[in-house]
Amino acid sequence: MKRVTIEGKGLYLKNISSASTLSKLDIEESNEFFFSPELTIKKRGLKYKDIATRFAICAANKALLEAGIISEFNEKIETSDIAVIVCSSLGNIDTVSKVIDIIKNKSVDDISPLDLPNLSSNNIAASIAIWFGLTGINLTVCNGSTSSIDSIQIGYNLLQQEKTKKVLIIGVEVLNEYTNKIISIDGKHIQIGAVGLLLGYDCDINMSTSIDICNSLNSVLYDSEDIFDFIKNNKLDTFLVPHNIVAKCNKDSKIISLDEYYGYLDGIYGILCCIYVASLHKNIKSYIVAGNDNEKYKCIIVKKNWN
């Protein structure tokens with residue numbers, strides 16, 4: 001089996017601007033221009049894109065730039081060798097809800113034709129592909145709290161089966177007047193924005209920060225008791241788990257919950273955990289868990305090699 005590694009990382013989050021901030025589990029003040037990602041992207045064509053798509057394009061630019069695939073923001077790649085996977089629970093729900101409100105309160109005739117392309121459930125992934133000229137595999141994963149782990153597994157399998165040479169995975173979540181009606185959020189911080197990973201085969205470039213993604217645990221749904229048993233019986237360096245798992249575990253510095261620091265993550269969660277492991281300046285093997293008691297849990301093991 002090929003070793004799958006992280007070649008590029010992209011962060012466009014409200015309170016985390018860099019991997020260095022994430023590695024320290026710090027919180028930053030939100031950039032005043034955060035909700036205007038077009039000022040970062042600096043290219044025409046975003047005016048009628050929903051905010052989730054604009055966040056995602058920012059994160060994709062950063063991941064591709066770090067990997068050396070592009071030399072400047074928005075550069076057209078024009079290749080079928082990079083697959084695009086987007087994971088999100090909320091995605092473009094603001095656009096969908098806005099259109100529903102217009103139909104309910106006015107009429108179908110009042111819907112802007114510029115909103116219609118943004119109603120597709122695959123809108124974000126398609127927009128990223130068109131933006132960079134990526135004509136390969138393109139899909140969206142929106143199956144709840146395990147979506148980020150599932151998207152990593154799909155990317156891993158695509159590479160192992162040589163269906164593509166690289167996979168760009170983007171997790172994105174938004175909060176607004178519509179999404180707040182359908183989700184309940186607790187926690188001091190509410191984290192919104194997008195994160196990105198570019199996965200590829202093992203290579204000589206940047207080997208000092210390579211990560212192995214092992215998906216042997218990932219094809220099964222686990223109960224919380226299974227997770228507790230694994231944590232108890234395995235001597236890994238860290239366990240990155242949801243806050244409800246931490247609450248039931250004995251206090252241990254190896255058990256970390258990113259959502260206790262950053263709040264609501266969902267589609268961002270598993271990808272942010274991978275970036276966290278990648279940002280640490282040491283050899284580390286980490287067990288990453290996503291999910292909840294209702295939907296159960298999925299897991300991957302991520303290994304960082306620091307030379």
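**Exercise 1. Find the side-chain partner of E7, then place E7 in the fold.**

Step 1. The side chains of E7 and K166 form a polar contact of 2.7 Å. A polar contact is a pair of N or O atoms within 3.5 Å; within protein, one must be able to donate a hydrogen and the other to accept it, and residues adjacent in sequence count only if both atoms are side-chain atoms.

Step 2. The model is predicted: local features need pLDDT of at least 70, side-chain atom pairs count only at pLDDT 80 or more, and totals for chains, interfaces and linings use all residues. Residues are numbered from 1 along each chain as its sequence is written, and side-chain values use heavy atoms, with hydrogens and water left out.

Step 3. E7 sits in strand β1, residues 4–13. Strands (E, at least two residues) and helices (H or I, at least four) are DSSP runs, numbered from the N terminus.

Step 4. E7 counts as buried because its relative accessibility is 14%. The cut-offs are under 20% relative accessible area for buried, over 50% for exposed, and partly exposed in between (1.4 Å probe, protein chains only).

**Exercise 2. Identify the pairing of β1 with β5.**

Step 1. β1 pairs with β5, residues 193–201, in the antiparallel sense, over nine bridges. Pairing requires at least two DSSP bridges between two strands.

Step 2. Opposite L13 stands G193 of β5.

Step 3. Check the cover: 10 of the 10 residues in β1 are buried.

**Exercise 3. Describe the ends and the cover of α3.**

Step 1. At the N-terminal end, D50 is the cap: a side-chain oxygen lies 3.3 Å from the backbone nitrogen of A52.

Step 2. G68 follows α3, with a positive phi near 80°.

Step 3. Of the 17 residues in α3, 13 are buried.
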